[in-house]
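Subject: Structure handover

Hi,

Here is the model we talked about. Please look it over, then read the notes below it.

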Amino acid sequence: MHDHHGDGPSMNQLIFNIGLSVEIISLYLLCCGLVDAGRNITYQNLVEIWNDTPESLAEGLQFLERKKILRRIFSDQPDRRAYQLTGIEHWKI
């Protein structure tokens, strides 16, 4: 369910060099951690490990979508959203 190639970690170091907030970088790292653990990037999985408000999680996910760092792949209800990491060639930085 993720757009990650190879056996290495899914995180791309570029995330630290494009001027994003600490909160957004943290959310990206949580998404990568889920993928590396073999779990899907879903709102439900993220809300269980997110240490801020559900509203800030939703805003962060929307931001990562706008930047094309995440791609929404499922969304029949707000709490059932699922995402996929994209390759850096898709990022809007």
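Helices (H or I, at least four residues) and strands (E, at least two) are DSSP runs, numbered from the N terminus. This is a predicted model: local features need pLDDT of at least 70, side-chain atom pairs count only at pLDDT 80 or more, and totals for chains, interfaces and linings use all residues. Residues are numbered from 1 along each chain as its sequence is written, and side-chain values use heavy atoms, with hydrogens and water left out.

**Overall layout**

The chain has three helices and three strands. Along the sequence they follow the pattern α-β-α-α-β-β. Of the 93 residues, 37% are buried. (Buried means under 20% relative accessible area, exposed over 50%, partly exposed in between, with a 1.4 Å probe and protein chains only.) Contact means heavy atoms within 4.5 Å. Take the contacts between residues at least 6 apart in sequence: 49% of them join residues at least 24 apart.

The three strands form an open, antiparallel sheet in the order 1-3-2. Strand 1 and strand 2 are the edge strands, and each pairs on one side only. (Two strands pair if DSSP finds at least two bridges between them.) Strand 1 and strand 3 are joined by two bridges. Strand 2 and strand 3 share four bridges.

Ile 41 has Tyr 83 as its bridge partner. Arg 72 also stands opposite Tyr 83.

Which way do the side chains of strand 3 point? Ala 82 and Gln 84 point one way, and Tyr 83 and Leu 85 the other. All four are buried.

Ala 82 has a relative accessible area of 4%, so it is buried. Its bridge partner is Phe 74. Not counting residues up to four places away in sequence, Ala 82 touches Ile 41, Thr 42, Arg 71, Arg 72, Ile 73 and Phe 74. The C-alpha atoms of Ala 82 and Tyr 43 are 6.3 Å apart, although 39 residues separate them along the chain.

**Helix 1**

Helix 1 has 15 residues, and at 1.5 Å a residue it should span 21 Å. (The expected span is 1.5 Å times one less than the number of residues.) Its end C-alpha atoms are 21 Å apart, which agrees.

Its buried residues are Ile 24, Ile 25, Leu 27, Tyr 28, Cys 31, Cys 32, Leu 34 and Val 35. They pack against strand 1 (41-42), helix 2, helix 3 (54-66), strand 2 (70-74) and strand 3. Gly 38 follows helix 1 and has a positive phi, near 80 degrees.

**Rings and charges**

How many aromatic pairs are there? One. The rule takes rings of Phe, Tyr and Trp (its six-membered ring) with centres within 6.5 Å; planes under 30 degrees apart count as stacked, over 60 as edge-to-face and the rest as tilted. The pair is Tyr 28 and Trp 91: the ring centres are 5.8 Å apart and the planes are at 85 degrees, so it is edge-to-face. It links distant parts of the chain, 63 residues apart. Tyr 28 is in helix 1 (residues 22-36), and Trp 91 is in the segment after strand 3 (82-85). Both Tyr 28 and Trp 91 are buried.

The charged end of Arg 81 sits over the ring of Tyr 43, 4.6 Å from its centre. (That requires NZ of Lys or CZ of Arg within 6 Å of the ring centre and within 35 degrees of the ring normal.)

**Asn 45**

Asn 45 lies in helix 2 (residues 43-49). Is Asn 45 buried or exposed? It counts as buried, at 14% relative accessibility. Its side chain makes a polar contact with the side chain of Arg 39, at 2.9 Å. (A polar contact is a pair of N or O atoms within 3.5 Å; within protein, one must be able to donate a hydrogen and the other to accept it, and residues adjacent in sequence count only if both atoms are side-chain atoms.) A polar atom of the Asn 45 side chain also lies 2.8 Å from the backbone oxygen of Asn 40. Leaving aside neighbours within four places in sequence, Asn 45 is in contact with Leu 34, Arg 39 and Asn 40.

**Lys 68**

Lys 68 is in the loop between helix 3 and strand 2. Lys 68 is not a glycine, yet its phi is positive, about 65 degrees. With a relative accessible area of 39%, Lys 68 is partly exposed.

Best wishes
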